[in-house]
Amino acid sequence: MTQHTVTVGTTTVPCGPDQTVLDALLRGGVWMPNSCNQGTCGTCKIRVRSGSVEHNASPEDTLPPTERADGFALACQATVGADTVVEPPAGEQTAATHVLRDLVATVTEVRDIARDTRRVLLTLDTPLEFSAGQYVEVTVPGTDVRRQYSLANPPSEPKLLELHIRRRPGGVASDGWIFGTVSVGDRVDVTGPFGDFTFDAESTGPMVLLAGGTGLAPMKSIVRHALALEPHREITVYHGVRTAEDLYDVALLREWEGQYPGFRLVTCLSRETGGDREGYATDAFVEDVASAKEYTGYICGSEAFVDSAVKAFKRRRMSPRRIHREKFVSAA
Amino acid sequence: MTSTLSWIDEITMTQLERNPYPVYERLRAEAPVAYVPVLGAYVASTTEACHAIATSGDFEAVITPAGGRTFGHPAIIGVNGDIHEDLRSMVEPALQPAEVDRWIDDLVRPIARRYVEAFESDGRADLMAQFCEPVSVRALGDLLGLKDVSSDTLRDWFHRLSLSFTNAAVDENGEFTNQERFADGDRAKAEIQAVVDPLIDHWIEHPDDSAISHWLHDGMPEGQTRGRDYIYPTLYVFLLGAMQEPGHAMGSTLAGLFTRPEQFEAVVDDPDLIPRAIAEGMRWTSPIWSATARIATRDTTVAGIDIAEGTVVILSYGSANHDTGKYDAPTAYDLTRPPLPHLAFGAGKHACAGIYFANHVCRIGLEELLETIPNLERDTDADVEFWGWGFRGPTALHVTWEI
């Protein structure tokens, strides 16, 4: 097997035999829109101009046969069999981005923070540049299993990886490792950063963030980054969970309420009373905000949570281009 | 003259204008190129026949009889040879993609914004009357140099010219059966001339960057301008089709998306899908449904049917775009269908000169509408009614949203 190249615009990068086009481009410092990295969202759909690609596990729902015939491919799934020229997704300009890197980190803290939820801190040997809201892939030690976790720390802490991990019964990574064999001092392979769910540096006006469960992680990164840039910005986090036992970092975020006049946390419990609000976070937002026309919105949570939050934002007439979203996708 | 199929003799204009699809579905199946007595002409109804005729060397352009009665000569859609070449060279410079790219956003976006701002706090609107038509006429009106003509006047003009242009019904002697639609078209033209003549007088002496001023002066020897009688028929083409159809296209696209709520949501969430949504909207309900024609210049054969020299064939692009030979389930709006080319802009030498401009007017219009009112919903208390055989689109599009 030989090494080939992938060319987009005026940039050519090397691409190994089993390396995806997306991986090759990101490692080469070429920005390519990407989101789920599992072939399900279609964000990284490219057009192959010359050369050849294997579609591998590209799902037919995302990349139907007609599109394959027309030369489309999913960059996160496709590998190349020859030197290949591709076009980025329609309307996207390639630009410099944080280079995708393989790093090694050390587990420095594992702590229970809520029911079936742990905070894991990893310390990197070398700093990682990333944007607030992005995620990394962690390889479960001793296996080939890779899992994606959003970073909860801001880019100003480049040697830290703060992960919020909820236990999934039977899960190789969560149940088997993070809630099982993990120990402080473990060495872990990490690749990153990935993802297009990032703080919108161009935006002005109020920010509202709807987080479901451990969807709070990237929100913490985004809020800290935004407040560091603009301490008076109006920022509201709605954290939606089932019961009070599922809440975490409440004390820390209450502290921020004291430090930053525009910051507010609204805890929403769907199964019991005792939070700031009873019911869904999306409903609390709709009740509180009459018009979100000037707002920028961030959503992170399960697929159902994201879909309902997008509807809530649009119902309050937030511009769709200012709605940023990250869906958890369960590991296949 | 009658057709050989008796059901075709029974077709009425009212039937076609209300809903031409059932008749044309049968024509495509039984007689893809057929003489239709009420129209006094042959019609081509399949993709194959329309495309073959539009691009054939055995045919040249001719204006439909009612169109000719309305616009007069020389209208760009009905002439050939040197005159056609001159008229295309007159209208095309302003419509070249590179030229359009230079100003289209600055022209259309503020217009679209202004119209949507006027009703965004109301919670309900008729998008045809309050958005699609006004954005369409204002964009082209400003480009042509008709800045001082109100959008309502421009809308009134195209509505009346459209009724006259498509007043196709003839009796057994080939005489038009409805004189009133022509009479009102004539009154509209008189009003247009009363407004435009003084502007032409001005532009003859003081050329500016408006399109009509360029039409007068471009390519002419120093000190000469094109005659106004020479320009008017083509100006009517613009004041009718180019004014009305981007509005129809936006309205049909929205109406189509309303039939697929999940596709509507996808387009709201990802404005990059808007061009594809518009292309499918124009395939689904083609704005210029059946308004252009060709005449055979020699005896020939199309889709297996013999056509005699001198035969006028009306090209029913709206029908061709529902051809099951080309599209699966063509009556359904479906953004995700394979993006095959459609015939909504025609084909051959007389393909629409404004494709690029019109597509971008529609795109920017829908971008601004859905950006400002992302929670738009069809008003389920009102049906969406489509009307028209020559030109087709929703007559009204009632929507609501939470405020």
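A:Arg224 counts as partly exposed because 19 C-beta neighbours lie inside 10 Å; a residue is buried with 20 or more other C-beta atoms within 10 Å of its own, exposed with 12 or fewer, and partly exposed in between, the C-beta atoms being placed from the backbone. A:Arg224 belongs to helix H4 (residues 216-229) of chain A. Its C-alpha lies 9.3 Å from that of A:Ser156, although 68 residues separate A:Arg224 and A:Ser156 in sequence. Helices (H or I, at least four residues) and strands (E, at least two) are DSSP runs numbered from the N terminus.

The model is predicted: local features need pLDDT of at least 70 and side-chain atom pairs count only at pLDDT 80 or more, while totals for chains, interfaces and linings use all residues. Residues are numbered from 1 along each chain as its sequence is written, and chains are lettered from A and ligands numbered from 1 in the order in which they are written.

| Pair | Axis distance | Angle | Crossing |
|---|---|---|---|
| H7(B) (residues 97-119), H8(B) (residues 127-144) | within 9 Å | roughly 150 degrees | right-handed |
| H9(B) (residues 151-165), H10(B) (residues 179-205) | 8 Å | about 140 degrees | left-handed |

Axes are lines fitted to C-alpha atoms, for helices over the stretch in contact, and angles run from 0 to 180 degrees between N-to-C directions. A crossing is left-handed if the near helix is turned anticlockwise from the far one by less than a right angle, and right-handed if clockwise. H9(B) and H10(B) are oblique to each other, a class for angles that are not under 35 degrees (roughly parallel), over 145 (roughly antiparallel) or 65 to 115 (roughly perpendicular). The contact of H9(B) with H10(B) includes B:Trp157 and B:Leu161 of H9(B) and B:Phe182 and B:Ile192 of H10(B); residues are in contact if their C-beta atoms, placed from the backbone, lie within 7 Å.

Between the chains, 10 residues of chain A contact 10 residues of chain B. On the side of chain A, helix H7 (residues 303-315) gives the most, with 3 residues.

Cis peptide bonds join A:Gly192 to A:Pro193, with omega about -5 degrees, and B:His73 to B:Pro74, with omega near 0 degrees. A:Pro193 is in strand S13 (residues 187-194) of chain A, whereas B:Pro74 occupies the loop between helix H5 (65-71) and helix H6 (81-91) of chain B.

Terms used. Contact = placed C-beta atoms within 7 Å.
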